[in-house]
Amino acid sequence: MSVKDSSLKDSGIGLSEATAADFFALLKPRVMALAVFTAFVGLVVAPSGLNPIIAVIAIGAIAVGAGAAGALNMWYDADIDALMSRTSKRPVPSGRVTAGEALSFGLVLSALSVMTLGVLVGWLAASLLAFTIFFYVVIYTMWLKRSTPQNIVIGGAAGALPPVIGWAAATGQIGIESLVLFLVIFLWTPPHFWALALFKIGDYEAAGIPMMPNVAGQASTKRQILIYALLLAPIGVLPWPLGFASGFYAAASTALGGGFIWHAWKVLAAPDQEMRPARTLFAYSIFYLFAIFAMLLTDTVVMRATAAN
């Protein structure tokens with residue numbers, strides 16, 4: 001690198017040296033994939049049919065919006081990300097992407113996703129997407145995450161909104177069915193993240209983030225994990241009595257909910273120094289959420305195909 005190039009880099013002028021992979025990592029692709037999948041299920045389960053091209057546009061806009069929220073989260077959280085083993089290699093704390101680049105990237109993608117969804121699909125869905133980005137970045141990331149152990153409980157609303165956005169994209173309204181899907185993710189979020197916080201308690205302590213185990217202690221956190229598991233299990237079955245899922249879904253979701261309660265109980269019964277049950281619950285929680293939505297998607301497709309015949 002020449003002296004001129006070096007001075008341009010130091011002054012923040014010139015082309016970015018970040019790669020496409022670095023910017024893709026800013027999008028939090030695994031989180032984005034979950035948002036896209038649950039939004040897709042909300043869109044498909046909705047009773048109103050949607051033109052396939054418009055449906056692709058809707059899912060694409062939701063994906064970009066979810067990625068934008070992830071980029072803005074990484075921009076703001078770069079200081080604490082650098083202190084935790086799980087996040088220290090992210091693009092901003094590792095220096096591969098500058099804070100300014102992450103901020104600009106996130107803002108541009110936010111505006112692009114909301115405007116695309118509004119103009120080409122519907123303004124209710126676009127408004128919900130805009131609110132989701134705002135809630136995740138401003139309410140959760142900038143406020144709740146660093147100020148209260150209830151950060152995940154309240155902030156979980158942002159991650160629970162994609163199926164509602166998908167439903168709104170398809171129908172132009174918010175139905176009780178989409179709110180049930182919202183509740184599934186909302187109640188799933190605390191035990192999922194608190195299980196992670198139990199075996200990453202040192203990371204959160206080093207970063208000064210008031211996660212539940214660091215503030216209330218492990219015993220209290222484990223009890224709350226079980227309480228949320230007990231609340232989540234019946235909510236996961238609700239699509240059946242509400243009439244938008246079959247008895248097969250009811251049986252499978254009941255078994256999955258029972259498994260969640262069992263793993264939560266194992267976490268509660270384990271000594272504080274034994275982290276294997278928490279790791280197992282964390283892994284199972286990911287499987288649970290994917291399985292619930294995958295079964296609902298499959299169930300809907302099969303029921304409609306059967307009805308058509």
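Okay, let's start with the inside: of the 309 residues in this protein chain, 52% count as buried. By buried I mean under 20% relative accessible area, with exposed being over 50% and partly exposed in between, using a 1.4 Å probe and protein chains only. Before I go on, this is a predicted model, so local features need pLDDT of at least 70 and side-chain atom pairs count only at pLDDT 80 or more, while totals for chains, interfaces and linings use all residues. Residues are numbered from 1 along each chain as its sequence is written, and side-chain values use heavy atoms, with hydrogens and water left out.

So, the overall build. The chain has 15 helices and zero strands; those are DSSP runs numbered from the N terminus, H or I of at least four residues for helices and E of at least two for strands. The radius of gyration is 21 Å, close to the 19 Å from the globule rule for 309 residues, so the chain is as compact as a globular protein of that length. That radius is taken over C-alpha atoms, and the rule is 2.2 Å times the number of residues to the power 0.38. Along the principal axes, the C-alpha atoms fill a box of roughly 70 × 55 × 25 Å. Now contacts, meaning heavy atoms within 4.5 Å: among those with a separation of 6 or more, 72% are between residues 24 or more positions apart.

Next, the core. In soluble globular proteins, nonpolar side chains tend to be buried together. Here, the largest nonpolar core has 91 residues, and Leu117, Trp194, Phe260 and Leu296 are among those with the most contacts inside it. A nonpolar core is a set of buried Ala, Val, Leu, Ile, Met, Phe, Trp, Tyr and Cys residues joined through side-chain atoms within 4.5 Å. What does Leu296 touch, not counting residues up to four places away in sequence? Its partners include Val41, Leu181, Phe244 and Tyr249. There's also a second, separate core of nine residues, which includes Phe23, Met74, Val92 and Ala102.

On to charges. We have six salt bridges, each being a side-chain nitrogen of Lys or Arg within 4 Å of a carboxyl oxygen of Asp or Glu. Look at Arg146, which is partly exposed at 30% relative accessibility. Arg146 pairs with Asp77, the closest N and O atoms being 3.0 Å apart. Arg146 lies in helix 7 and Asp77 in the loop between helix 4 (52-76) and helix 5 (78-81), so this pair ties together parts 69 residues apart in sequence. Is Asp77 buried or exposed? Buried, with a relative accessible area of 0%. Arg146 also meets Asp79 in a salt bridge, at 2.9 Å from N to O.

Over at another spot, Lys222 bridges to Asp272 at 3.2 Å. Lys222 sits in helix 13 (residues 218-237) and Asp272 in the loop between helix 14 (247-269) and helix 15 (276-308), so parts 50 residues apart in sequence are tied together. Lys222 is buried at 3%, whereas Asp272 is partly exposed at 38%.

Last stop, the surface. Tyr76, Phe131, Phe134, Val138 and Met142 make a nonpolar patch of about 410 Å². Which helix gives the most to it? That's helix 7 (residues 123-147), with four residues. Phe134 is found in helix 7 and is partly exposed at 43%.

Methods
Patches are made of residues with over 30% relative accessible area and no salt bridge: like charges are joined within 9 Å, nonpolar side chains (Val, Leu, Ile, Met, Phe, Trp, Tyr) within 5 Å. Accessible areas come from the Shrake-Rupley method with a 1.4 Å probe; for residues, only the protein chains shown count as cover.
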